[in-house]
Amino acid sequence: MQIKIQRWFFSLLIVGALFVGGCGSSPAANSTPTPNPASGESISLSPSPSPSASPPAAVAAGSQFSNLARLTGKATVVMIVKGAPITIELDGTNAPITAGNFVDLVQKGVYDGLVFHRVVREPQPFVVQGGDPQGKDPKFPTARLGTGGFIDPKTSTERRIPLEIKAKGAANPTYSQTLQEAGVAQKPVLMHTRGAVAMARSQSPDSASSQFYFTLTDVPFLDGSYAVFGYVKQGMDVVDQIQAGDRIEKATVTQGLENFKPVN
């Protein structure tokens, strides 16, 4: 029992550290009380409110997201770090917008040359986070990495995608809410097991952009709050060796591009 309590306490410390050092695409996002790993984001892990007696209906992916790319099936991305490949299988069946956004950014070369700015292994393994486009500039201040997202050249603004989590047994994902906020008791289809690939965000559920993270161990307390969209299939040993400051040399879609539906 004491060991379980210690592990729980360490988890809270890790989450708190991530959140405080968290990212966001704006200073306000950085000031959020918990961490989250993705666009100017760090993992934001503040507790979600308990479901009310009449929980809000899950938001469906409607016309408000029609301007976002989608992946309608599986795809494979190979990411080269320190000369070694990391093979990621993306799941567009259960996370079509999140996986589609990642494929689109890979296709645009956004991840090539970007740095992994956050690596948390102590007091226990947690995540490796990267994907801030500001990291492509070697002169950009290290302390500010984790505060940026992908600036869409068409709009000159940061592209953000909705929180997208599909619960087991559900016909469609829940959008723009954590499963707890939506009153969904079921666990997500895509869970934070070791090797999961998920989007980082600030406290706002629809704030993910380009930052993502690899989980270094099972992290069940993130399930239902952050959008997993794939898993490392080969090269987890490479992920285990990543240090803060290491760069993604190249990211390439090697299979499944026929399932990608870009925005016209």
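# Salt bridges across the fold

Glu 89 is partly exposed, with a relative accessible area of 28%. Here, buried means under 20% relative accessible area, exposed over 50%, and partly exposed in between (1.4 Å probe, protein chains only). This is a predicted model: local features need pLDDT of at least 70, side-chain atom pairs count only at pLDDT 80 or more, and totals for chains, interfaces and linings use all residues. Residues are numbered from 1 along each chain as its sequence is written, and side-chain values use heavy atoms, leaving out hydrogens and water. The structure holds 8 salt bridges (a side-chain nitrogen of Lys or Arg within 4 Å of a carboxyl oxygen of Asp or Glu).

**Strand to strand**
- Lys 74 pairs with Glu 89 in a salt bridge, and their closest N and O atoms are 3.8 Å apart.
- Lys 74 sits in strand β2 (residues 74–81) and Glu 89 in strand β3 (residues 84–91), so this bridge ties together parts 15 residues apart in sequence. Strands (E, at least two residues) and helices (H or I, at least four) are DSSP runs, numbered from the N terminus.
- Lys 74 is partly exposed, at 41%.

- Asp 104 and Lys 108 form a salt bridge, 2.9 Å from N to O.
- Asp 104 is buried, with a relative accessible area of 7%, while Lys 108 is partly exposed at 46%.

**Loop to helix**
- Arg 194 and Asp 240 meet in a salt bridge, 2.7 Å from N to O.
- Arg 194 lies in the loop between β9 (174–175) and β10 (196–199), and Asp 240 in helix α4 (residues 236–241), so the pair links parts 46 residues apart in sequence.
- Arg 194 is partly exposed at 40%, and Asp 240 is partly exposed at 26%.

**A network**
- Shared partners join the salt bridges of Lys 74, Glu 89 and Asp 91 into one network.
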